[in-house]
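Please look through the sequence and the three-dimensional structure shown here, and then read the report that follows, which moves from a sheet and its helices to the cores and the charged pairs.

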Amino acid sequence: MSKLDVPYKIYLEESEIPSSWYNVRADMKNKPAPLINPATMKPMTFEEMQPVFCDELIRQELDDTTAYIPIPERILSAYKMYRPSPLTHAVFLEELLGTPAHIFYKFEGNNTSGSHKLNSAMAQAYYAKMQGLKGVTTETGAGQWGTALAMACSFFGLECKVYMVKVSYEQKPFRREVMRTYGASVTPSPSMETNIGRKINAEHPNTTGSLGCAISEAVEAAVSTEGYRYVLGSVLNQVLLHQSVIGLETKKACEKYGIKPDIIIGCAGGGSNLGGLISPFMGEKLRGEADYQFIAVEPASCPSFTRGKFAYDFCDTGKVCPMAKMYTLGHDFIPSANHAGGLRYHGMSSILSQLYHDGMMEARAVEQTSVFEAAEMFARVEGILPAPESSHAIRVAIDEALKCKETGEEKTIILGLTGTGYFDMVAYEKYNNGTMSDYIPTDEDLAKGFATIPNVNL
């Protein structure tokens, strides 16, 4: 394929926005293990989930067989504010690297939330509104999910309560203010306003927090507030379902211009972006119709896939949520205060964990300074300042392109550019000043987290 065969930016027509979400579980021979109730040690039922989640979202969470789920017209109308998103040919990055590889990126940052998170936020807020709820609670790491949910709640007329990981709350005040501008209340987590927050603060004085902590607080707030439910921005089956619009649009663009990807790369924290990007391509692989190399990229400071254990564990630090079978570092593991806040989760999506366990995809862990090196290289030639999370995928895409330079192979690489980094300037400042450091947990550090994983044999 010549570099001139496709436009620099591939825009689909509005009519080509997917009308249904794709549920990769329908094509998985080995289904992801069900969430289990720690009180009964049995799979969670619809009724047991109702006090926490919206009814329709529970149905989507439990549906392992329906391949395509129609997107309600009201959600499609909301999507049209910022979708379809472009698939861009990174010709300037290719030129800089001197590689024969073809690099494309699916850019999800062209909305005020600055990321792909709005795809699920709009859906979850819609279902909450249709159920007649007053508001929702959630957690957020870097703030992209919290921003997206604040926007979606504003759009559908819902109240929104966000618990933001403390280190990100302090490092990213402008992200916090965007949430407040859209009407959300934002609390640094762990806080002193919930029982779980007070307990975590007592056990871990001066903690910088984690997504696991913030989830616990958000769930407690939801179940103790009448007319509220909890919504989550990653990890859950329902979220990966909503995010499949990313991969469906990418696949449509590839088919339109005859692009055959060899490698598909996404950053991985809880799994929403990666799962959404690869789902329709993974479906082809599962059905034996095509083959691709899928690479999940995670921070070396929070290496769930590459150094975690595949086991049932609590989804939150306070142990108020169900247990999920996933690659985990232990629900009590609190990552270092690295700057890729959206990737600071102790576990990984059950769907992606099962696919990884079955050898359908691979994972890489990369250090923070190398991630920011890749981010600045990309920004200087492609004109987009990428989010630190997205830059993990950029790092590995560059590495793979350089391998092609060595071997002369003309591979096609697609990466997920999940969002922009304009609220991450403290991190960029530290990198540019040479004060950013890398942290890789020792085996002893990880052992402390592993010790908290419950012994579940199902």
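## A sheet and its pairing

Two strands are said to pair if DSSP finds at least two bridges between them. This is a predicted model, and in it 4 strands form an open sheet in the order 10-9-8-11, with parallel pairing. At the edges are strand 10 (185–189) and strand 11 (228–230), each of which pairs on one side only. On average, neighbouring strands of this sheet are turned by 25° against each other, direction ignored.

Within the sheet, strand 8 (residues 135–140) and strand 9 (residues 159–165) run parallel and are joined by 6 bridges. In general, the strands of a sheet pair through backbone hydrogen bonds, and the pairing may be parallel or antiparallel.

## Helices beside the sheet

Helix 10 (residues 211–223) lies across strand 8, strand 9, strand 10 and strand 11, and runs at about 170° to strand 8.

Helix 6 (residues 144–156) has 13 residues, which at 1.5 Å a residue should span 18 Å, and this agrees with the 18 Å between its end C-alpha atoms. Is this helix mostly covered or mostly uncovered? Helix 6 is mostly covered, with 11 of its 13 residues buried, among them W145, L149 and F156. The elements that cover these buried residues include helix 3 (73–79), helix 5 (118–130), strand 8, strand 9, helix 8 and helix 16 (388–407). After helix 6 comes G157, which has a positive phi, near 75°.

In soluble globular proteins, nonpolar side chains tend to be buried together. In this model the largest nonpolar core has 65 residues, and W21, Y79, F305 and M361 are those with the most contacts inside it.

## A glycine in a loop

G359 is placed in the loop between helix 14 (350–357) and strand 16 (362–366). Because its relative accessible area is 54%, and exposed means over 50%, G359 counts as exposed. The C-alpha atoms of G359 and G266 are separated by 17 Å, although these residues are 93 residues apart along the chain.

## Salt bridges

The whole structure holds 24 salt bridges. In one of them E14 is paired with K80, and their closest N and O atoms are 4.0 Å apart. Because E14 lies in the loop between strand 1 (9–10) and strand 2 (20–22), while K80 lies in the loop between helix 3 and strand 6 (87–89), the pair ties together parts that are 66 residues apart in sequence. E14 is partly exposed, with a relative accessible area of 47%, and K80 also counts as partly exposed, at 35% relative accessibility.

Other pairs lie within one helix. R59 and E56 form a salt bridge with closest N and O atoms 3.2 Å apart, and because these residues are 3 residues apart in helix 2 (residues 55–62), about one helical turn separates them. An α-helix has 3.6 residues a turn, so residues three or four places apart point the same way. The side chains of K251 and E255 meet in a salt bridge at 2.6 Å, N to O, and both residues lie in helix 11 (residues 237–257), 4 residues apart. K251 counts as buried, because its relative accessibility is 16% and buried means under 20%. Elsewhere, salt bridges that share partners join R83, K106, E108 and E249 into one network.

Note on methods:
Residues are numbered from 1 along each chain as its sequence is written. This is a predicted model: local features need pLDDT of at least 70, side-chain atom pairs count only at pLDDT 80 or more; totals for chains, interfaces and linings use all residues. Side-chain values use heavy atoms; hydrogens and water are left out. A nonpolar core is a set of buried Ala, Val, Leu, Ile, Met, Phe, Trp, Tyr and Cys residues joined through side-chain atoms within 4.5 Å. Buried means under 20% relative accessible area, exposed over 50%, partly exposed in between (1.4 Å probe, protein chains only). Helices (H or I, at least four residues) and strands (E, at least two) are DSSP runs, numbered from the N terminus. Axes are lines fitted to C-alpha atoms, for helices over the stretch in contact, and angles run from 0 to 180 degrees between N-to-C directions. Contact means heavy atoms within 4.5 Å. The expected span of a helix is 1.5 Å times one less than its number of residues.
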